[in-house]
Amino acid sequence: MHHHWTARVVSPHPSDPEAVEPAPEPADGPRPAALLRAEFTARAAVRSARLLVTALGVYELEINGGVVGDHVLAPGWTSYRHRHRYQSFDVTDLVREGRNAWAAHLADGWYRGLLGFNGGTRDIYGPHTGLLAELRIEYADGSADTVATGEGWRWSPGPVLSAGLYEGEEYDARRERAGFSEAGFDDSAWRPAAVLDFDTGVLFPADSPPVRRIEHLAPVAVTTSPTGRTILDFGQNLVGRLRIRVRGEAGRAVTLRHAEVLQDGDLCTRPLRHATATDRYVLRGDPAGEEWEPRFTFHGFRYADVEGWPGPLDPADVTAVVVHSDLRRTGWFSCSDTSLNRLHENVVWGMRGNFVDVPTDCPQRDERLGWTGDVQVFAPTAAFLYDVRDFLRSWLRDLAADQETDERRVPPVFSPDIPVITPVPLPPGNPPMAGWCDAAVIVPWVLYERYGDTGVLRAQYPSMRAWVDAVDRIAGPERTWGEGFQFGDWLDPSAPADDPGRAMTSSVLVATAYFAHSARLLARTAEVLGEAGDAARYHALADAVRDAFLARFHAGGGRLTEQTQTAYALALAFRLLEGATERAEAGRRLAGLVAGGGHRIGTGFLGTPLVCDALTDTGHVGTAYRLLTQRVCPSWLHQVDMGATTVWERWDSMLPDGSVNPGEMTSFNHYALGAVADWMHRTVAGLAPAEPGYRRLSVRPRPGAGLTWARAEHDTPYGRAGTAWRVEDGELLVDVVVPPHVTATVDLPGAEPRQAGPGRHTFRAPLAATTP
């Protein structure tokens, strides 16, 4: 139900042309945060008080000196012109009978701050920040009042001299306004806040978990670099900011710079591009000491350079605060190979750092956008590790809203959609990108598979259908497409440092394969939703695209015209090759390509999630294991051996000699290539849904690579499911936990599949039948 707002947006910008203007804001750099405040009276004993609040920008709100809630960077980032989130808080404990004050810190955030590549763009959603809030007070006598932002609010510059998501935050503690959120504070020198026009029709109640402070990490080492810099190592590439405790003279500035890696012993900031990732705190000179953590920024980093610290630095005085969307953990994996466990932890940490209100590609450089291709390939892994149902449903609503504004109904390549100055030349407008725009179809289907959520299919069905129809028009009667610029199998191992899109597999093959796949998933969606006419239509379309793919790329006998790992992975995983003989031959050729490449990976963003499944499904699980456990670059374990604690953007973001790849795309925290974790869950540990929402389980472990045990657990909608296998006395023993109301099909090597109902079970198989 739509809330009827009585509040108005209050802004730290004069609306009266005769008013004295504040000091001009910097045109190109990060801008200061403002303080806003007002007072109100609660006329009787308070029984309850509920606050609804949002901002044009990001806010932190206080009532009577107490901070409201524990959200970070609220209200988060959505496609603001279409969907603007507000939060609701129970603030009964903060409101008292009599005189009260409420006040806020307000900064640019995503709304008005710098976003995008190559210098970025400011003021994307509007030129002014603002606060919108309503406070509903119910009294003990049954009466009620509503207090709202509007006329009478006042504002002042505050201690945050500048704040930007990319740039960092500068804070001068000497400019703090003690007591500004308490009644009786003297704000006579403050300026009247402007009241801005705002369409409250775009507002909606928060529908996904907020960003919070999740964890705190202490430094594992403090070193002095060859150039004399003090470097803190937190032992983990993380996303968040630093909290410091410091004592010193007033006016001293402590500067904190952040980076993911070191080169030659100092911070390597070149991969950050234009993101300066620098925080600065100016002390007020409190003899008891001071504590500070930035409010309005976040960084991707493992290392921090500390400059200006008064006296010797005690590592206990600096803490890394990990921030990300507060998702509930639902999936776990471990095995007897410590390197694979580290790889899996890297995947988890990469997801945590990139699920900061939107599913971003990377959390550290001048980008941090909701790239559709990245989340499309990673969604199955994400849905196992964390409860992402509400998080991705909300993001899909933004994607559909952005797509609706395109005249061809093409989804954007990232959502929320913003204008950018791209580092690679893109066609004008909103170019259709295979594998990226297909997120409009694939991500809803993944949510249906993992949560049994038909509601997301129904909600996204117009978006799904619009994209497939758009590709159908673009492809025309030939049913193939992808000519011109495409991201394609982005950053495959052959891509030069200066040309990340140059791939071994043609963009036409990739685009046509994805066309067939999305059309098939749309047809299945129509079946689930009871849209029989659409189901028949899109199945026919998928058949036609498959036939077109085969006519162009199939050389007969299971052989493709393009001899690449990605080509075969797409054809097999998307079932474009159906006949048993042809699939077997295609699998043999894929295994041969992998072996011929020294069991090193030969895929980019789109091929990587599929290659191990394509091998496994055609009887080459041993080859898949050799690919997974390869240690020579390019490989997953090369990254582990090089000390990675998250998954890299490039297979060689760090080169074997320890130097950083010279290319523009050298993030050390990108989850796309970590999509292999889904195969680890389903094949190494053997735990997967056999029906949407895990109504039936598939327990199908396929041991290999000398592993002696593996286990996985997942909190399904019906309760926790688990598998744990081990090699014992010449046998494979598999323990299975089946939740209530669920049935499992247990398929072990060398044994007939068996059924298991709710409870704990142990099964055995001859070890000789397991995969070598």
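This is a predicted model: local features need pLDDT of at least 70, side-chain atom pairs count only at pLDDT 80 or more; totals for chains, interfaces and linings use all residues.
L73 is buried, with a relative accessible area of 3% (buried means under 20% relative accessible area, exposed over 50%, partly exposed in between, with a 1.4 Å probe and protein chains only). The phi of L73 is near 55°, a positive value in a residue other than glycine. L73 sits in the loop between strand 5 and strand 6. Helices (H or I, at least four residues) and strands (E, at least two) are DSSP runs, numbered from the N terminus.

Residues are numbered from 1 along each chain as its sequence is written, and side-chain values use heavy atoms, with hydrogens and water left out.

P75 is found in the loop between strand 5 (66-67) and strand 6 (84-90). Another cis bond runs from S415 to P416, with omega near 0°, and P416 lies in the loop between helix 4 (389-404) and helix 5. H599 also has a positive phi, about 55°, although it is not a glycine. You'll find H599 in the loop between helix 10 (580-596) and helix 11, and H599 is buried too, at a relative accessible area of 10%.

Now the pockets. On a 1 Å grid over the protein atoms alone, a pocket is an open set of points with protein on both sides within 12 Å along at least five of seven lines, and lining residues have an atom within 4 Å of a point. A volume is the space filled by probe spheres set on the points, which are joined across faces, edges and corners. For the classes, Ala, Val, Leu, Ile, Met, Phe, Trp, Tyr, Cys and Pro count as nonpolar, Asp, Glu, Lys and Arg as charged, and the others, Gly among them, as polar.

| Pocket | Volume | Lining by class |
|---|---|---|
| Largest pocket | about 1,400 Å³ | 24 nonpolar, 8 polar, 15 charged residues |
| Second largest pocket | about 440 Å³ | 8 nonpolar, 4 polar, 11 charged residues |

The largest pocket is lined by 47 residues, and E449, A573, D613, D617 and R682 lie nearest its centre. Elements giving two or more residues to that lining include helix 3 (372-385), helix 5 (439-451), helix 11 and helix 14 (677-684). Helix 7 supplies the largest share, 6 residues.

For the second largest pocket, 23 residues make the lining, and E60, H105, Y171, E176 and R295 are the closest to its centre. The elements that give two or more residues there are strand 4 (58-63) and strand 23 (290-292).

Finally, helix packing. Helix 11 (residues 608-617) and helix 12 (residues 621-629) pack at about 155°, with their axes 7 Å apart. That makes helix 11 roughly antiparallel to helix 12 (angles under 35 degrees count as roughly parallel, over 145 as roughly antiparallel, 65 to 115 as roughly perpendicular and the rest as oblique). Axes are lines fitted to C-alpha atoms, for helices over the stretch in contact, and angles run from 0 to 180 degrees between N-to-C directions. V611, C612, L615 and T616 of helix 11 make the contact with V621, T623, A624 and L627 of helix 12, where contact means heavy atoms within 4.5 Å.

Notes. On a 1 Å grid over the protein atoms alone, a cavity is a set of points where a 1.4 Å probe fits but cannot get out, and a pocket is an open set with protein on both sides within 12 Å along at least five of seven lines; lining residues have an atom within 4 Å of a point.
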